[in-house]
Amino acid sequence: MKTELKAKFLQHLLNKKKDDQGFTLIELLVVIIIIGILAAIALPSFLNQANKARESEAKSYVGSMNRGQQAYYLEREEFVGEEAEAFANLGLGIATATNNYSYFVSGGGEGKEFATNQAQPAKGAAATVRAYVGGVSIAEVKDTGEATTLAVLCQALKAPVNEGATGDDALNGRLTGDTKEDCANIGEYEDIK
C-alpha cells in the first residue's frame, strides 16, 4: 500500500512538472516581435514630440519679443534696435542664446517703422528644430485711421537639417495685416497663431 501511494505521489509530481514548463520559444519570439513593432511605431513619434518641445521655447520667446517691441513702442515711439545691449530694453529677462536657439533683433531703432525678432537654430544647418521670425510694424487701422502696431509670428516649414530656413530671413518692409501673406513673403515660412 505504501509503495502504491509513493508511486501515485511520484506520478502526481511528474505530471505537475509537465504543467509548469514555462513558455515555448515560439511564444517568446512572438512577444519580442510585437514589442519591436510597437517600439518602431512609437520612437519616431517620441522624437517628433521632443523637437516640438524645443520649438515651443522659440515660439514663446519670439512672441514675447513681439509684445515687448509693441510695449516699448507705446512708451518711447520707437522700436528696440539691433545693438546687443538694446535687447535688454525689451524687459523680458530672457537669454540671447540657449542650447536650442540664438535670439536677436533686426531693424528697429530710432526713426524705424519696423523691427524683426528672430530665433535662429543654434546648430545652424545641422539643426533639427525650425527657425522662427517675428515682426512688429507701425500700421493704420483702416476704419478709424488710427496708428497702431501690428505683429506677426512665422515658423519655417522645415528644419535646417532638411534644407529648411535657418532663421536669418527678415520680414522686410511694413506688415500688411494679413499674417499668412506676410509670412509667405519671406519664403519657406508659415503663419502660426
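Modeller: Contact here means heavy atoms within 4.5 Å. By that rule, and not counting residues up to four places away in sequence, Asn-51 touches Thr-128 and Val-129. The model is predicted: local features need pLDDT of at least 70, side-chain atom pairs count only at pLDDT 80 or more, and totals for chains, interfaces and linings use all residues. Residues are numbered from 1 along each chain as its sequence is written, and side-chain values use heavy atoms, with hydrogens and water left out.

Colleague: What does the side chain of Asn-51 make with the side chain of Thr-128?

Modeller: A polar contact, at 3.3 Å. The term covers a pair of N or O atoms within 3.5 Å; within protein, one must be able to donate a hydrogen and the other to accept it, and residues adjacent in sequence count only if both atoms are side-chain atoms.

Colleague: Why is Asn-51 called buried?

Modeller: Because its relative accessible area is 17%, and buried means under 20%, with exposed over 50% and partly exposed in between (1.4 Å probe, protein chains only). Gly-109 is also called buried, because its value is 15%.

Colleague: Where is Gly-109, and which residues is it in contact with?

Modeller: Gly-109 is in the loop between strand 1 (101-107) and strand 2 (114-121). Leaving aside neighbours within four places in sequence, Gly-109 is in contact with Glu-78, Phe-79, Val-80 and Gly-81.

Colleague: Asn-51 is in helix 2 (residues 25-76). What makes that a helix?

Modeller: Helices (H or I, at least four residues) and strands (E, at least two) are DSSP runs, numbered from the N terminus. Helix 2 has 52 residues.

Colleague: How do you know what span to expect for helix 2?

Modeller: The expected span is 1.5 Å times one less than the number of residues. For helix 2 that is 76 Å, and the helix reaches 76 Å from its first C-alpha to its last.

Colleague: Where does helix 2 bend?

Modeller: At Ala-42, by about 25 degrees, and Pro-44 follows within four residues. The bend is the angle between axes fitted to the seven residues ending at a residue and the seven starting there.

Colleague: What makes strand 3 (residues 132-140) and strand 4 (residues 147-156) a pair?

Modeller: Two strands pair if DSSP finds at least two bridges between them. Strands 3 and 4 have nine, in the antiparallel sense, and Gly-134 stands opposite Leu-153. Strand 4 and strand 5 (residues 189-191) also pair, over three bridges.
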